[in-house]
2 protein chains.
Amino acid sequence: MPELIRTRDAALRARAEKVVPGGMWGHLHAAKLPEAYPQFFSRGEGGVLWDVDGHRYVDFMCSWGPNLLGHHHPEVEEAAERQRRDGDCLNGPAEVMVELAELVVDMVGHADWTQFQKNGTDATTTCVTIARAATGRRKILVAKGAYHGAVPWCSPSLLGVTAEDRAHLAYFTFNDVESLDAAAKEAGDDLAGILISAFRHDLGSDQELPTVEFARAARRICDSKGAALLIDEVRAGFRLNAAGSWEGLGVRPDLSAWSKAIANGHALAAVTGADWLRRAASQVFVTGSFWAGAVAMAAAVATLKIVRRDDVPARLAQLGQTLRDGLETRSRQFGLSIRQSGPVQMPTLLFEGDPDYRKGSAFCSAMLARGVYFHPKHNMFLCAAHTEADIAVALEAAEHGFASVAAL
Amino acid sequence: MPELIRTRDAALRARAEKVVPGGMWGHLHAAKLPEAYPQFFSRGEGGVLWDVDGHRYVDFMCSWGPNLLGHHHPEVEEAAERQRRDGDCLNGPAEVMVELAELVVDMVGHADWTQFQKNGTDATTTCVTIARAATGRRKILVAKGAYHGAVPWCSPSLLGVTAEDRAHLAYFTFNDVESLDAAAKEAGDDLAGILISAFRHDLGSDQELPTVEFARAARRICDSKGAALLIDEVRAGFRLNAAGSWEGLGVRPDLSAWSKAIANGHALAAVTGADWLRRAASQVFVTGSFWAGAVAMAAAVATLKIVRRDDVPARLAQLGQTLRDGLETRSRQFGLSIRQSGPVQMPTLLFEGDPDYRKGSAFCSAMLARGVYFHPKHNMFLCAAHTEADIAVALEAAEHGFASVAAL
């Protein structure tokens, strides 16, 4: 396989190591990726990315979600620039906040109102706070292994977290109605809400779309107990269904948390809610220095209008299906068994018999060397700037990837 | 007093009321200000702000802190634009993250390393998490009434918050060594850290700079117990002393939380820390979708270089002293007793015998009508784009303000 030269990346890693603990933090830390992966990037354009050593990649991580329409999307950036010329972070919101709120409420099926934040974690935390305030109860049910953010009440790590931070969380298994019923029963009269990811996108395992039965059970429990159904749309939002990822199931939540793709890479998050939670939402104290920032909101207005106008989820589904079919065919040609899961717009590819992701790493490293950025164990993301030609490039690179795995 | 026409603001408030709970959230909600204040803004330039009805204000809230150098600062925005042309939210950080981290570590007295986030609350929460991870202990001491963010563990409101969210907080009184010693004794072997605002800037009360005795006591307790001293610089950072607000006291913290002014209005926060906390900082899981965003980092590099080059804190101190002296003189001319407190770069003005802020509101409303944006009970902020002429405008408006109070 062609070897990627990483002189500049290595130099930056060495400098970063001195001034940033571990050289980087969180989900963007390249230490969690195969050795061949770069840590530092110099440029993005559409669905393509360049690392600091000048290597070009057709990118299927899309900034881990935010890149929905392509980097430097002309309409989004023009809207952002227009707002920027007036003002961004002022003593209060700009008119665009109202425009965005009206658009979100119009687009999202269950939304009677919305509020804006900066991080996905801000949105999930706000949802939980509103549910507790509205119900006067404490228990929140979450799926085992689900990711809802990176603060003590929900972080995947327990380091620096106290037991009390999670005193009122209780757990069920995704898509398991029985376990959900049992958790709700256990919470009894103290059930404030059930928080569920739009689909099961746990790291390193097969992804699962919610079954209609499971979604209805969650709705039924919340209705019967006067609790709130919270959907975490942070990762999936606007890629599966612009009106809400559960719209196709015929089940509507009471609160949803959104972020990542909402402003095509500009930092923004949102909570949407039903009318019965409006009063509580107006009473809890949630805020941030930059939460009324107008430029990200202008970018979000442009992004969401394009999502609706161009039916971006449908376009991503079409591209994603071509990718999935092509990967399936090629893996078979190499006599390999792969498992592709999750919605095709956010595909996950795992190898059979690959508990340590050795096959996945070999596959992805080979693809990377041929200019395609895949992830060996996290769900990936398509963007609307991807073309059929990009998918073809990915499939050609995948042949080298599968060959590498077959040679292990 | 001239009445400000608010047709457009009123129309936007009415629209917002329908799609945003209460029409707005958090600290930027105009409901917390006298009636005359606008909710929506259309433009910012330097230290001046326009509301959506076209009224112009010399602005002494400066976006509640972020506006340090003036809106649309040419050097900051040029740096941001240069980075934007390459890329912002990519699959990992850009080179500018290293440049910024090196600059922060170079500038901030106690900093051996740094990490970046988006909200001030992200930074304070991360500090607490790192302190707990490093010490393996749980208790965090905080000052009664101090503001450290807007999530359940620290929100000024208890609505939607459970008792367990604050199970391991214990309280002392700012500048009261005895109460600090007592709280530390009570925490015993479980003391993870002491979290203190750079100065006491509680809403609606006189501000207090920390005494040397108090700062040394906090340091002594942390040293003797192996706990971490955490300074919340979110509000004060880079306005009092670019190396850290406590540098003049000769006391250095172990961890500091920064945000607001760090990137002159671009959404960014930072944690800085001492070497003994580096390992814990590299191990806790903290992350956000936009935390590696390169544009805000480029803006921060430009902002911090200007802060250092131009000694912005000294410039703000000079302007702030002129404002304070002028307000004092003029209040006396009207036979009024005012209390000005806090550092002059972040002044707080309260009236004697004004428990319901009726005098403060009349004063600020009259100033607003004359094109000066003051706050009746929160600390205010100067920015480097303010001029001597702006201060003169404020002092002239203050005469009308004091006349209004004298006429009550």
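Here is a tour with a handful of stops, each with something to select.

Before you click, know that this is a predicted model, where local features need pLDDT of at least 70, side-chain atom pairs count only at pLDDT 80 or more, and totals for chains, interfaces and linings use all residues. Residues are numbered from 1 along each chain as its sequence is written, chains are lettered from A and ligands numbered from 1 in the order in which they are written, and side-chain values use heavy atoms, with hydrogens and water left out.

**Stop 1: a strand in chain A**

Select residues 255-258 of chain A, which is strand E9. Helices (H or I, at least four residues) and strands (E, at least two) are DSSP runs, numbered from the N terminus. Show the side chains: Leu255(A) and Ala257(A) point one way, while Ser256(A) and Trp258(A) point the other way. In a regular strand the side chains alternate between the two faces of the sheet.

Strand E8(A), residues 228-232, runs parallel to E9(A) over 3 bridges. Strand E10(A), residues 269-273, is antiparallel to E9(A), joined by 4 bridges. Zoom in on Ala257(A): it stands opposite Asp232(A) and also opposite Val271(A) in E10(A).

**Stop 2**

What is phi of Phe238(A) near? It is near 70°, a positive value in a residue other than glycine. Most residues other than glycine have a negative phi. Phe238(A) is buried, with a relative accessible area of 1%.

**Stop 3: where the chains meet**

Colour by chain. The contact (heavy atoms within 4.5 Å) takes 99 residues from chain A and 99 residues from chain B. About 8300 Å² is buried between chain A and chain B, with carbon and sulfur atoms giving 60% of it; buried area is the accessible area (1.4 Å probe) that two parts lose on being put together, summed over both. In chain A, select Trp25(A), Asn91(A) and Phe285(A), which lose the most area to chain B, together 11% of what that side buries.

How many salt bridges does the rule find across the interface of chain A and chain B? There are 4, each a side-chain nitrogen of Lys or Arg within 4 Å of a carboxyl oxygen of Asp or Glu. To see one, select Glu95(B) and Arg8(A), whose closest N and O atoms are 2.6 Å apart.

**Stop 4: a sheet in chain B**

Move to chain B, where 4 strands form an open sheet in the order E1-E2-E3-E13, with mixed pairing. E1 (41-45) and E13 (372-373) of chain B are at the edges with a single partner strand each, so one side of each has no neighbour in the sheet. Next, select E2(B), residues 48-51, and E3(B), residues 56-59, an antiparallel pair with 3 bridges. Trp50(B) stands opposite Arg56(B) in E3(B).

**Stop 5: two loops in chain B**

Select His29(B), in the loop between helix H1 (7-19) and E1 of chain B. Is His29(B) buried or exposed? His29(B) is buried, at 18% relative accessible area. Leaving aside neighbours within four places in sequence, His29(B) is in contact with Gly22(B), Met24(B) and Gln39(B).

Finish at Asn175(B), in the loop between strand E6 (169-172) and helix H5 (177-187) of chain B. Asn175(B) has a positive phi of about 70° although it is not a glycine, and at 19% relative accessibility Asn175(B) counts as buried.

Key. Buried means under 20% relative accessible area, exposed over 50%, partly exposed in between (1.4 Å probe, protein chains only). Two strands pair if DSSP finds at least two bridges between them.
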